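Have your viewer open and follow along.

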Amino acid sequence: MAKYILKRIFYLFLTLFIIATLTFFLMKLLPGTPFSNQNRMSPDQLKIVKAQYGLDQSVFVQYVRYMGGLLQGNLGTSFQFNNEPVTTLIGQRLAPSMQIGAQAMILGTVLGILLGAVAAIRKNTWVDTLATFISILGLSIPSFVLAVLLQFYLAYKWHIYPVALWDNFQSSVLPTLALAALPLGNVARFMRTEMVDVMSSDYIELAKSKGNSAWKVVTKHALRNSLIPIVTIIGPMAVSVMTGSMVVENIFSIPGIGEQFVKSITTNDYPTIMGLTIFYSFLLVVIILIVDILYGFIDPRIRLGNGGKE
Amino acid sequence: MEQIPDVPKEKFKLIHDENNSEQEKIGTPSLTYLQDVRRRLFSNKVAVVCLTLLSIIVLISIFAPLVAPHNPNAQQVTLSNLPPKLGNLNIPGFNGYQNMGGKMVDAYKQVGAPKDSFYLLGTDYLGRDLLSRIIYGTRLSLIVAVLATLVDLIIGVPYGIVSGWKGGTTDTIMQRIVEIVSSVPNLIVVILMMIILKPGLGSIVIAIAITGWVTMARLIRAQTFQLKEQEYVLAARTLGESSTKIATKHLIPNLSSTIIIQTMFTIPNAIFFEAFLSFIGIGIPAPNASLGTLLSDGQKAFRFLPYQMWAPAIILSIIMIATNLLGDGLRDAFDPQSDD
């Protein structure tokens with residue numbers, strides 16, 4: 001197990017290294033300089049500014065410097081936001097994104113488990129059909145469409161929640177709902193399939209025949225065993241929530257990293273784009289690693305030694 | 001050779017067992033695999049409805065120049081932001097009336113639109129016909145989806161087959177590459193590509209396809225691993241068939257169900273990415289419409305002119321739901337065991 005974890009951590013760093021390298025050279029491929037007002041600068045001024053950002057060096061030197069900085073947790077300096085280090089920018093904006101992301105994941109997963117379980121227990125009835133329909137809606141409707149609809153009805157028309165604001169819990173409700181739809185659909189679907197499988201297994205028959213109540217059979221035996229595989233879809237779900245949060249944060253004007261990312265794209269703030277790309281990838285590979293290891297601990301049937309995946 | 005004794009024909013008698021022949025009789029015509037799949041698919045009501053809906057949408061998109069009532073990019077600034085109107089029929093919501101300061105006003109009269117002119121879904125802020133823009137936008141979104149899916153197939157299928165077929169070190173290296181590509185969130189790669197490439201149809205397709213093939217390659221690889229242990233593949237190998245021929249003759253036909261099912265999930269994904277990119281403003285450039293740009297335009301005016309958002313939102317959602325459900329239906333049809 002320890003050997004496996006070490007191996008995975010090694011690959012994690014290799015992956016991150018390749019991602020950082022690719023991102024760096026992709027950004028260098030972009031034409032033009034980041035200083036859009038260069039016409040107003042004298043050549044001397046331009047030289048000074050370039051030297052300040054280290055852009056007067058050769059690409060290779062810049063690359064080595066950038067990678068060296070990464071090792072020390074330095075993601076470079078933003079062109080746009082008053083020369084703030086990218087790490088500071090991310091740090092300031094991490095909390096709101098994490099909050100709505102976590103809320104959406106928890107809400108989506110809990111509701112999804114309930115929905116999927118109910119659908120499986122009442123298989124082939126109208127309850128099942130309804131639950132399946134809801135999960136398909138959650139999977140299919142893009143989070144930004146949902147966000148705009150929620151904003152229009154719950155905030156603008158009925159004044160239940162603020163339209164676009166970030167201060168208290170109230171203001172996080174709508175973005176959370178918009179982002180929770182996808183995990184809900186995913187989990188409900190997955191849960192239903194798992195639960196249907198489990199419900200037809202021998203140990204459930206045994207539990208039933210021992211005279212346990214239906215409630216006890218479901219909560220003590222069926223639910224528990226169906227829950228384990230849910231762990232595997234946490235990784236992909238986290239990615240989709242991250243993706244969704246970029247535009248959902250924009251719609252609700254939440255000062256999070258997603259909004260920052262979109263803003264950096266429209267303002268060509270390359271260091272911030274690079275930094276956020278690496279940061280997002282880091283977050284993702286770490287989540288996937290943790291999930292894989294967790295899965296090995298939870299379900300001893302899985303032998304992590306043999307690849308661990310699939 | 002031994003002499004076969006000459007037995008007269010009359011000595012032979014057909015022993016006819018009535019009961020047995022009844023039992024052995026095959027009552028229904030035997031079905032090929034594809035016929036069976038088709039039958040299962042068509043007996044699934046949801047899948048049929050989705051298939052019909054999608055066919056209609058695809059047909060309208062293909063014949064967009066014939067179907068669209070107006071030029072989607074023609075601007076008529078005097079006729080901007082008109083609400084939906086369906087001829088002279090007085091259907092609430094489609095009668096050209098608009099809420100202005102708490103009163104319902106005939107917006108068409110106000111701007112002095114010609115008497116017989118009407119826009120089924122209204123016009124946008126530049127006076128362009130929304131219905132036509134939606135038809136052309138759907139067309140563009142579908143083109144992006146189909147092209148991205150094609151590129152997906154062209155890269156993903158051979159990659160998966162080679163990786164699974166060769167095995168060993170080749171497979172390990174190829175799988176490492178897949179792992180690295182798939183460990184960056186798709187959308188980030190797509191966005192990076194969009195920043196580097198010039199905005200436009202081709203760039204979106206490339207950007208989506210560059211990450212999209214990974215899932216396909218993974219599935220194909222796993223399947224190839226199973227298939228190559230099959231007897232018929234072994235037989236083909238023993239007979240000296242070349243690897244390429246085995247791949248095209250034996251592997252691809254047997255992989256077709258996986259490919260078709262995965263394609264049905266790639267299409268909505270591509271549509272989503274296109275809409276997403278256009279929504280944040282780095283997708284399809286103006287003045288062309290796609291579902292994403294229409295949504296983005298609609299969202300800006302949503303508070304006062306909600307109809308501009310509704311139509312593209314509904315069409316986008318319908319396409320997404322229908323493709324997802326059809327994908328489910330196809331999976332059940334191809335693999336009846338997955339059905340519970």
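Start with the charges: searching the whole structure, over all chains, turns up eight salt bridges. Keep in mind as you look at them that this is a predicted model. The general idea is simple enough: side chains of opposite charge can pair when their charged atoms come close.

Zoom in on Asp128(A) and Arg192(A), whose side chains form a salt bridge with an N to O distance of 2.9 Å. This pair ties together distant parts of the chain, since Asp128(A) sits in helix α5 (residues 126–140) of chain A and Arg192(A) in helix α7 (residues 170–199) of chain A, 64 residues apart. Asp128(A) and Arg192(A) are both buried.

Now for a pair within one helix. Lys263(A) and Glu259(A) make a salt bridge at 3.9 Å, N to O. Both belong to helix α11 (residues 257–266) of chain A, where four residues, about one turn of the helix, separate them.

Chain B has a bridge of its own to look at, between Asp328(B) and Arg331(B), with the closest N and O atoms 3.1 Å apart. You'll find both residues in helix α13 (residues 307–334) of chain B, three residues apart, again about one turn of the helix. Asp328(B) counts as buried at 15% relative accessibility, while Arg331(B) is partly exposed with a relative accessible area of 33%. Back in chain A, salt bridges with shared partners join Arg93(A), Glu259(A) and Lys263(A) into one network.

Next, the greasy part. Which residues have the most contacts inside the largest nonpolar core? They are Phe144(A), Met246(A), Phe261(A) and Ile191(B), in a core of 116 residues. Helix α11 (residues 243–279) of chain B supplies the largest share of this core, 11 residues. Setting aside its neighbours within four places in sequence, Phe144(A) contacts Val247(A) and Ile251(A), and from chain B Phe272(B), Ala275(B), Phe276(B), Phe279(B) and Leu295(B).

Several of those names come back when you look at rings. There are 11 aromatic pairs over all chains. In one of them, Phe24(A) and Phe25(A) have ring centres 5.2 Å apart and planes at 85 degrees, so the pair counts as edge-to-face. Phe24(A) is buried at 3% relative accessibility, but Phe25(A), at 34%, is partly exposed. Phe272(B) and Phe276(B) instead make a tilted pair, 5.8 Å centre to centre with 50 degrees between the planes. These two are four residues apart in helix α11 of chain B, so about one helical turn separates them, and both are buried. Ring pairs also link Phe144(A), Phe272(B), Phe273(B), Phe276(B) and Phe279(B) into a cluster.

That brings us to the interface itself. Chain A puts 45 residues into the contact and chain B puts in 38 residues. Together the chains bury about 3800 Å², with carbon and sulfur atoms giving 78% of that area. What about polar links? One salt bridge is found across the interface of chain A and chain B, along with two residue pairs in polar contact. On the side of chain A that touches chain B, α6(A) gives the most, with eight residues. Arg189(A) and Asp328(B) form a salt bridge in which the closest N and O atoms are 2.7 Å apart. Asp328(B) is the residue that also bridges to Arg331(B).

Last stop, the backbone. Most residues other than glycine have a negative phi, and most peptide bonds are trans. Asn124(A) has a positive phi of about 60 degrees although it is not a glycine. Look for Asn124(A) in the loop between α4 (86–121) and α5 of chain A, where it is exposed with a relative accessible area of 62%. Ser253(A) also has a positive phi, near 50 degrees. Ser253(A) lies in the loop between α10 (234–251) and α11 of chain A and is partly exposed, with a relative accessible area of 40%.

Key. Residues are numbered from 1 along each chain as its sequence is written. Chains are lettered from A and ligands numbered from 1 in the order in which they are written. This is a predicted model: local features need pLDDT of at least 70, side-chain atom pairs count only at pLDDT 80 or more; totals for chains, interfaces and linings use all residues. Side-chain values use heavy atoms; hydrogens and water are left out. A salt bridge is a side-chain nitrogen of Lys or Arg within 4 Å of a carboxyl oxygen of Asp or Glu. Buried means under 20% relative accessible area, exposed over 50%, partly exposed in between (1.4 Å probe, protein chains only). A nonpolar core is a set of buried Ala, Val, Leu, Ile, Met, Phe, Trp, Tyr and Cys residues joined through side-chain atoms within 4.5 Å. Contact means heavy atoms within 4.5 Å. Rings of Phe, Tyr and Trp (its six-membered ring) pair if their centres lie within 6.5 Å; planes under 30 degrees apart count as stacked, over 60 as edge-to-face and the rest as tilted. Buried area is the accessible area (1.4 Å probe) that two parts lose on being put together, summed over both. A polar contact is a pair of N or O atoms within 3.5 Å; within protein, one must be able to donate a hydrogen and the other to accept it, and residues adjacent in sequence count only if both atoms are side-chain atoms.
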